[in-house]
Amino acid sequence: MNQQLNLVTLGVEDLEASRQFYSHGLGWTPLLDLDEIVFYQIGKGLALALFPLADLGTDTGHPATAGTPFTLAQNLGSPAEVDVAVQRARAAGATVLKEPQRAAFGGYHGYFADPDGHRWEVCHNPGWSVADDGTVTLTAVEAADAED
């Protein structure tokens with residue numbers, strides 16, 4: 001099996017509410033928007049799907065339950081961009097779990113939950129970079145480096 005990820009599917013209680021949150025609230029453009037599922041392009045070769053929770057359970061053959069034992073994250077170019085992203089999410093109806101602040105890893109971050117409780121970290125990590133070919137480079141950041 002190749003070491004790659006192409007699609008993250010979030011099981012959602014109310015597809016229309018989630019569609020409104022991501023498309024209108026956060027301003028994301030759907031890649032494909034159908035009555036029963038919505039897809040968003042979120043990176044090179046990577047998409048996010050919103051799919052009704054009950055349908056996800058049926059599709060997998062096992063009940064799907066709400067709740068998020070993981071986080072999704074987005075790395076932005078500056079602490080100011082983090083502040084704007086968290087404010088936009090709040091205005092769209094997200095629950096802010098952690099106001100933007102300096103992070104233990106030396107960067108800057110905040111957390112919010114979408115209407116179904118899926119947790120998003122919005123951060124600025126100056127040690128994170130992505131090459132034109134999509135290769136991620138991650139280096140340790142000293143707290144003083146994050147002040148920029």
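**View A. A patch of negative charge on the surface, built from Asp-35, Glu-36, Asp-55 and Asp-59.** Patch members have over 30% relative accessible area and no salt bridge, with like charges joined within 9 Å. Asp and Glu count as negative, and each charge is placed at CG of Asp or CD of Glu. Asp-35 sits in the loop between strand 2 (30–33) and strand 3 (38–43); strands are DSSP runs (E, at least two residues) and helices are runs of H or I, at least four residues. With a relative accessible area of 74%, Asp-35 is exposed (exposed is over 50%, buried under 20%, partly exposed in between; 1.4 Å probe, protein chains only).

This is a predicted model: local features need pLDDT of at least 70, side-chain atom pairs count only at pLDDT 80 or more, and totals for chains, interfaces and linings use all residues. Residues are numbered from 1 along each chain as its sequence is written, and side-chain values use heavy atoms, leaving out hydrogens and water.

**View B. Arg-19 and its salt-bridge partners Glu-16 and Asp-33.** A salt bridge puts a side-chain nitrogen of Lys or Arg within 4 Å of a carboxyl oxygen of Asp or Glu. Glu-16 meets Arg-19 at 2.8 Å, N to O, and both belong to helix 1 (residues 15–25). Arg-19 is buried at 12% relative accessibility. Asp-33 pairs with Arg-19 at 2.9 Å, linking strand 2 to helix 1 across 14 residues.

**View C. Val-12 in strand 1 (residues 7–12).** Here is a buried residue, at 1% relative accessibility. Beyond neighbours within four places in sequence, the contacts of Val-12 (heavy atoms within 4.5 Å) include Leu-50, Phe-51 and His-118.

Terms used
Patch = residues over 30% accessible without salt bridge, like charges linked within 9 Å, V, L, I, M, F, W, Y side chains within 5 Å. Areas by Shrake-Rupley, 256 points an atom, 1.4 Å probe, with all protein chains shown as cover.
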